[in-house]
Amino acid sequence: MVLDKAAVAHIATLARIRLAEAELESLAGELSHILDWVEQLNEVDTTGVPPMASVAAASLPMREDEVTDLGCREAILGNAPQVAHGFFAVPKVVE
Amino acid sequence: MSDGALLALTLAEAREGLGRKQFSAREFAAAYNDAVEAAKPLNAYITPTPERALAMADAADERLARGEALPLDGIPIAVKDLFCTRGILTTAGSHILDGFLPPYESTVTERLWQAGAVMLGKANLDEFAMGSSSTTSWYGPVENPWRRPGDNRPLVPGGSSGGSAAAVAARAALAAIGTDTGGSIRQPASFCGIVGLKPTYGRCSRWGVVAYASSLDHPGPMGRTVRDVAVMLQAMAGHDIRDSTSARVPVPNFEAALTGDIRGMRIGIPKEYRVDGMPKEIEALWQQGVDWLRAAGAKPVEISLPMTRYALPAYYIIAPAEASSNLARYDGVRFGLRVEGESLEEMYELTRGAGFGAEVRRRVLIGTYALSAGYYDAYYLKAQQVRTLIARDFETAFGRVNCILTPTAPSAAFVIGEKTDDPIAMYLNDVFTVPANLAGLPAASVPAGLSSDGLPLGLQITGRAFDEETVLRVAGVLESAAQFRHLPSFVAEGRR
């Protein structure tokens, strides 16, 4: 097994996904199985091969730095679970 | 015309009928609204929009009456519920987007509406487009309108654009749009006996499409014929300033590419696609495809794509890595589901724990791991290097051939619930489709025959970047040769 329960719990914390204790065991098995299968990539000699992040042109197009949308606060806040004073509201983070 | 006769028209035929005022867009939309309702047992739609369809049809009728018809006026289509539609529930098949009403419209849907198309509703899909069976949606599995003769078990429509494919095959949409990250347009097209095209990366804007893996996501059309798909692509394609990866290249006339003339064209047949365990009938259909193209005057050429077997494992690092980053936005703060917690951290964790289904979690966790400190080089960088080699394989091959012919998928549609115990068995559905995503190449699936148990099988044409014209032309020749006229049991034997 590439990953044990503790490793899965750590990854889940990094990914901010709460898992039940009972799920860790089966996920450790499933994720290890997938990673084992992916290991076959090591058969490929990639010495000196550049990584490809995208097939699209590498340079990003530039445009004038000007405001193109404005005054859509209500539209943006319209889907928020909780709003206060024109802002997104979240549980208190500073005591 | 009777409803049945209206629903049997292709897009190209309907365009003509509407233009000649043989029927109105409103009649047409009403017939399709009824068909959407009757197709409910298939669960192909998450949100039907019948009133919107009628309003759009009325606007089309006014233009038709004035003699100012737009290219898609009155054409009723299904929209994969991954495209944001202003003010209309957009779910990505996920619990975590509960109640999300986008304040904006995706570029591709905007263009379709500007071309006169009529929206029938939002089509079901695998959650966040992650899957090959359309069984992972929060809104339940989609059923394929096809069944094996004498066997009542419901089959998957393929995925992730399974709702779109099932709707088109069941005549509950005239055409549809989907997205394809690893095969999600082509494999369901193959499973449902319709045509699906994944265009070149950058041909259709991704703006307003819920992101799964941004460097691999491709919006594209699905329809009953190659011509229908060409007409749809025409309206969808083109540069968009809001998507920095959308290509600044001219959009040709795709329908004009359907000349039927492939004489002298060189068709690559990659020997590495003869994978272990591929059913004999799929191998035979592939050979049949070679023979059809040869008979039409093309020259089959054996080619080698040696990196083929590494495409799937590379994909299952790259796509989850991008997904883990893209899906970080679902945090319970700005839209969708929120599960309250004592702290901000706890709210994030509880929201994401409750909001994501099993396959999405699996991929976000794999992606998080592959990008984490100490593993980045071993997994993510390695996979990106292999991606380079896969793209080079195609470059080399396209020095010798105009396009490549392969099967679309290694099997026909399977029973709902099969292949769910082992994620890798499910991933293998995409073994023939994933390479074109990694290389960003255009590829189409055309229904070419039936399996021994009476289910549709597709053949795939892959072309050079931005050469959808060749892909469509060859696909058109295959379509003419195959004369695929079979109907799914849902249509042939009446609704379930």
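**A close look at one helix and its surroundings**

Tutor: Happy to! Let's start with chain A, which reads α-α-α-β-β along its sequence. That comes to 3 helices and 2 strands. Please keep in mind that this is a predicted model. The radius of gyration of chain A is 22 Å, well over the 12 Å that the globule rule gives for 95 residues, so chain A is more spread out than a compact globule. Its C-alpha trace spans about 55 × 45 × 25 Å along the principal axes, and buried residues make up 18% of the 95 residues in the chain.

Next, see how chain A meets its partner: 39 residues of chain A are in contact with 52 residues of chain B. On the chain A side, the elements that give two or more residues are α1 (5-14), α2 (21-38) and α3 (73-77). Of these, α2(A) gives the most, with 6 residues. Sorted by class, this side of chain A has 30 nonpolar, 6 polar and 3 charged residues.

Now for the part I would like you to zoom in on: helix α12 of chain B, residues 358-371. At 1.5 Å a residue, its 14 residues should span 20 Å, and the end C-alpha atoms are 20 Å apart, which agrees. Is this helix enclosed or open? Since 10 of its 14 residues are buried, α12(B) is largely enclosed by the rest of the structure. Among the buried ones are B:V360, B:R361, B:L365 and B:Y369. What do the buried residues of α12(B) pack against? They pack against α1 and α2 of chain A, together with α10 and α13 (376-397) of chain B. In other words, helices from chain A and from chain B both take part in this packing.

Let's pick out one of those neighbours, α10(B). Two packed helices are described by the angle between their axes and the distance between the axes. The axes of α10 (residues 308-326) and α12 of chain B come within 7 Å and cross at roughly 95°. The two helices are therefore roughly perpendicular to each other. From α10(B), the contact is made by B:I317, B:P320, B:A321, B:A323 and B:S324. From α12(B) come B:R363, B:V364, B:I366, B:G367, B:T368, B:A370 and B:L371. By class, the residues of this contact divide into 8 nonpolar, 3 polar and 1 charged.

Conventions:
Residues are numbered from 1 along each chain as its sequence is written. Chains are lettered from A and ligands numbered from 1 in the order in which they are written. This is a predicted model: local features need pLDDT of at least 70, side-chain atom pairs count only at pLDDT 80 or more; totals for chains, interfaces and linings use all residues. Two residues are in contact if their C-beta atoms, placed from the backbone, lie within 7 Å. Helices (H or I, at least four residues) and strands (E, at least two) are DSSP runs, numbered from the N terminus. Ala, Val, Leu, Ile, Met, Phe, Trp, Tyr, Cys and Pro count as nonpolar, Asp, Glu, Lys and Arg as charged, and the others, Gly among them, as polar. The radius of gyration is taken over C-alpha atoms; the globule rule is 2.2 Å times the number of residues to the power 0.38. A residue is buried if 20 or more other C-beta atoms lie within 10 Å of its own, exposed if 12 or fewer, and partly exposed in between; C-beta atoms are placed from the backbone. Axes are lines fitted to C-alpha atoms, for helices over the stretch in contact, and angles run from 0 to 180 degrees between N-to-C directions. Angles under 35 degrees count as roughly parallel, over 145 as roughly antiparallel, 65 to 115 as roughly perpendicular and the rest as oblique. The expected span of a helix is 1.5 Å times one less than its number of residues.
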